[in-house]
Amino acid sequence: MKGQIDFDRFAHDYREGVNDRQLVSRYGITSQEMIAVVKKLISEGKITRQDYFNRKKKIEEYEARQERDFLKSLYQCPVCGHIHPVPFRECPACETDISNREETRKWYELRNAQDNSARRETGPRLIEPPRPQAPTPAAPKPAPRPVSPAARSTPAPPVPSPRDQTVRPPTPPAREPQAPAEPNPHEAVLGIMIEDVKFLRGVPKDRYGAEYVISSVVSAGDRAAVFKAEDQSDNGLPMAVKVFNPELGEESEYDKILDKIVEYQSTMVNPNVVRILGTAYLESHKALVYEYLPLSVDALASRHPEGLPMDLIVRFLPQIFNGLAYCHTHRGHDNVIRKIPHLSLRTSKVLIDEGETVLKIDDCGVSMAVMDVRGDRRRYLWQEPGINPAYVAPECFVSRVRLINAFAADIYALGVVLYRLTTGKVPFAAENVEGYRFEHIHKFAVPPRVHRYDVPKWLDQMIMKCLEKEPKERWRSPTQMELAIGKEV
């Protein structure tokens, strides 16, 4: 090895910020040999400790510059915020014709938006588009009227399951009677009217009624319970009512957390992000009201234990990429650019309409709002309520929440979501958090094509790149993934 490497040249490249992968490729050595060369140069004084930190800074600046250049090369729809690699006359996401506008919006430098401020570079003159006319919605199907509490108090007799009358199994030994199943405490609110509904500005109020009653429990988790509310007049669209767990923060912080969630989500208007409609009260508990989607990807994946049909996955990919990319970087109604990580992405947070054609991401900005108000009280992401460790990136088990690259962690979680949709299972399974910690950090996922032969090679490579252990080896953004659909890495 000594006769093959110019050590002075190697030291020069190292100090100039050439990354490890380029050094290995440029000098034709392995990773272990590169480490040995670096140790030798350090012992000889040709690479100092300061050189090491300067190199790390140069690499980070180079990658940040690459990301800025990449974002500048994209075009944004001025209506829904969809970003695209080439100029367009009709938005591929919302199908709005923008050909009558003088110029389309360019995607500018999007850094340091945490304090609700944005630095803009000189560029084309931006023209604020008029609000597009909302399409006339199809007549909604009449929603079933909620069952009254009196009717619910008298349960219907159980229907016996059919049995074969000709062949009977031997009579089993007598068993002790089992205690009845515990009732779902959330069902106590069925039939109760939600009160003091306040719609946010810009919500089409003509699509919703005046009196809504809780008709069913959609989901209940550690973070929130979601209920379906239906209009008593059967004229308005159903709504989703979300009541958050007070344990998200101290009692004095609960209202602040909800206000911060409204602040973040009220500026998000995208066809692939679940829209917040306003606030309400359910039995004196403050709640948030959202548009209602009847199906989650989690439920859809449960119907297909071997993975969703490939044509359905390919149809969903651009929508889930667009929704997460919009959450990560978007310009709100207040003309402020925000960069918000999801931090709790999983299959249950991806919702689908009844026709299984439109996909939307739920809970965008909720984790960020909780941590902004409550602070870094919990050290690690997996300690946050409502976090599924099967979707947590390896670095989140060893580094504090504030020290990780939250957007790279979202890309990892997105890879787990795509793995589940493709194969019907998650890449790593364990019985507890410690088991997941070991699996995510020390083991490598089995490629989806091993489980399912009809997975395209490009999709297999896309998912495996999401699941890289090193955050910098993953995709830079969901937009970069959208541009790679159908292309092998």
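## Cysteines

The structure holds zero disulfides, a disulfide being a pair of cysteine sulfur atoms within 2.5 Å. For Cys 327, the closest cysteine sulfur is that of Cys 364, 3.8 Å away, which is too far for a bond.

Cys 327 is buried, at 0% relative accessibility. Cys 396 is also buried, with a relative accessible area of 0%. Buried means under 20% relative accessible area, exposed over 50%, and partly exposed in between (1.4 Å probe, protein chains only).

## Basis of the values

The model is predicted: local features need pLDDT of at least 70 and side-chain atom pairs count only at pLDDT 80 or more, while totals for chains, interfaces and linings use all residues. Residues are numbered from 1 along each chain as its sequence is written, and side-chain values use heavy atoms, leaving out hydrogens and water.

## The sheet

An open sheet is formed by six strands in the order S4-S8-S9-S7-S6-S5, with antiparallel pairing. Strands S4 (195–199) and S5 (212–220) are the edge strands, each pairing on one side only. From one strand to the next, the twist averages 30°. Strands (E, at least two residues) and helices (H or I, at least four) are DSSP runs numbered from the N terminus; two strands pair if DSSP finds at least two bridges between them.

Six bridges join strand S8 (residues 276–282) to strand S9 (residues 285–291) in the antiparallel sense. Ala 280 has Ala 287 in S9 as its bridge partner.

Helix H6 (residues 254–265) packs on the sheet and touches strands S7 (239–244), S8 and S9, contact meaning heavy atoms within 4.5 Å. The direction of H6 makes about 15° with that of S9; axes are lines fitted to C-alpha atoms, for helices over the stretch in contact, and angles run from 0 to 180 degrees between N-to-C directions.
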